[in-house]
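Hi,

Here is the structure I said I would pass on. Have a look at it first, and my notes follow below.

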Amino acid sequence: MAERPAPGELRRFLLESQPLRGNWVHLGGAWHELRAHAHYPPPVEELLGEFATAAVLLAATLKFEGTLTLQLAGDGRVRLLVAQCSDNFKVRAVAHHDIAADELPNFAALVGEGRLTVTVQSETTTARYQGIVPLAGANLAACLENYFASSEQLPTRLLLAADAQQAAGLLLQKLPGQSASGEGAGAQLQQTWEELQSGLMAMPAASLLSGDAEQAVRQVAGEHDCRLFAPTLVSFSCRCSAQRVADVLRSLGVEEARATLAEQGVLLVQCEFCNREYRYDAVDVEQLFADEANLQQGSDSVN
Ligand SMILES: [Zn+2]
């Protein structure tokens with residue numbers, strides 16, 4: 001029997017003496033579950049693994065209740081990448097592409113010209129934040145660093161790695177302000193920041209993918225006094241539900257639903273994140289729109 005992969009983990013860390021912090025993420029078993037129903041060729045698999053990891057790293061930099069969606073849309077061979085991470089680190093992701101199993105396009109050919117969008121949507125209110133940057137960089141990490149530089153104005157460095165077995169990443173961030181005062185404090189902070197970045201850039205992908213958080217963080221922080229926080233679980237979970245599918249079908253309209261039904265005998269909606277199938281027969285479809293009509297009547301009478 002194959003060994004069960006370790007659960008996905010997020011570890012936050014910070015330097016005790018400087019306003020520098022970081023997040024380490026290893027998707028563990030979540031990476032396997034996330035792709036359980038899809039078959040991606042290796043270059044797409046690697047990109048999607050890095051992308052899903054990046055969504056978790058970004059979510060970990062925020063204080064929010066809701067869902068962070070990272071989306072990459074371009075004119076390359078991968079037309080669309082979507083990764084979502086909730087405030088409790090449930091992650092899901094999908095890629096649309098036209099790459100054959102034996103092709104090995106590079107990053108530029110994979111994504112082409114396009115843009116990277118970060119959306120944070122509250123679960124309980126209509127509050128929504130969105131940041132968009134053009135794709136610029138030799139790899140996904142560089143594109144995300146560009147996002148942080150232009151949208152968040154926080155100096156940020158990222159290292160991402162993924163293969164068929166593992167997906168992991170490490171993010172470093174320089175926060176505003178200085179903890180140490182006095183002459184030379186700014187220069188000292190800058191020097192420490194540069195040391196941490198050098199440590200990150202020197203890290204081989206294998207170290208990141210090994211799943212050893214202590215080792216990876218020590219490698220980056222070097223001699224600096226660093227606090228590594230307890231792990232937070234990262235898991236795969238799909239947000240799809242009969243309610244959400246019903247909302248989508250209603251937005252398409254009763255005519256389209258009836259037409260599909262007439263043509264195919266049954267209305268099937270398959271979730272592209274988890275492959276779960278939602279099935280509607282003629283009675284279900286009429287019920288779906290009858291509910292809507294009742295709701296509208298109800299609100300009319302109130303108004
Ligand atoms: Zn689903």
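Helices (H or I, at least four residues) and strands (E, at least two) are DSSP runs, numbered from the N terminus.

With that in hand, take helix α8 (residues 242-252): of its 11 residues, the count of buried ones is 1, so the helix is hardly covered. Just after α8, G253 has a positive phi of about 105°. Helix α9 (residues 254-264) is hardly covered too, with a buried count of 1 among its 11 residues. Just after α9 comes G265, with a positive phi of about 85°.

Some housekeeping. This is a predicted model, in which local features need pLDDT of at least 70 and side-chain atom pairs count only at pLDDT 80 or more, while totals for chains, interfaces and linings use all residues. Residues are numbered from 1 along each chain as its sequence is written.

On the whole protein: it has 10 helices and 13 strands, and 31% of its 303 residues count as buried. Its C-alpha atoms fill a box of roughly 75 × 55 × 40 Å along the principal axes. The domain assignment (bounds from an automatic or database assignment) gives domain 1 (8-236) and domain 2 (242-302), and their C-alpha centres lie 37 Å apart.

The axes of α5 (residues 185-201) and α7 (residues 213-221) come within 7 Å and cross at roughly 135°; axes are lines fitted to C-alpha atoms, for helices over the stretch in contact, and angles run from 0 to 180 degrees between N-to-C directions. That makes α5 oblique to α7, since angles under 35 degrees count as roughly parallel, over 145 as roughly antiparallel, 65 to 115 as roughly perpendicular and the rest as oblique. L196, G199 and L200 of α5 meet Q219, V220 and A221 of α7; a contact means C-beta atoms, placed from the backbone, within 7 Å.

Finally, confidence. pLDDT is the predictor's confidence in each residue, from 0 to 100; the mean here is 91, and 93% of residues reach 70 or more. Where pLDDT is low, the predicted coordinates should not be read in detail.

Cheers

Methods. A residue is buried if 20 or more other C-beta atoms lie within 10 Å of its own, exposed if 12 or fewer, and partly exposed in between; C-beta atoms are placed from the backbone. Two residues are in contact if their C-beta atoms, placed from the backbone, lie within 7 Å.
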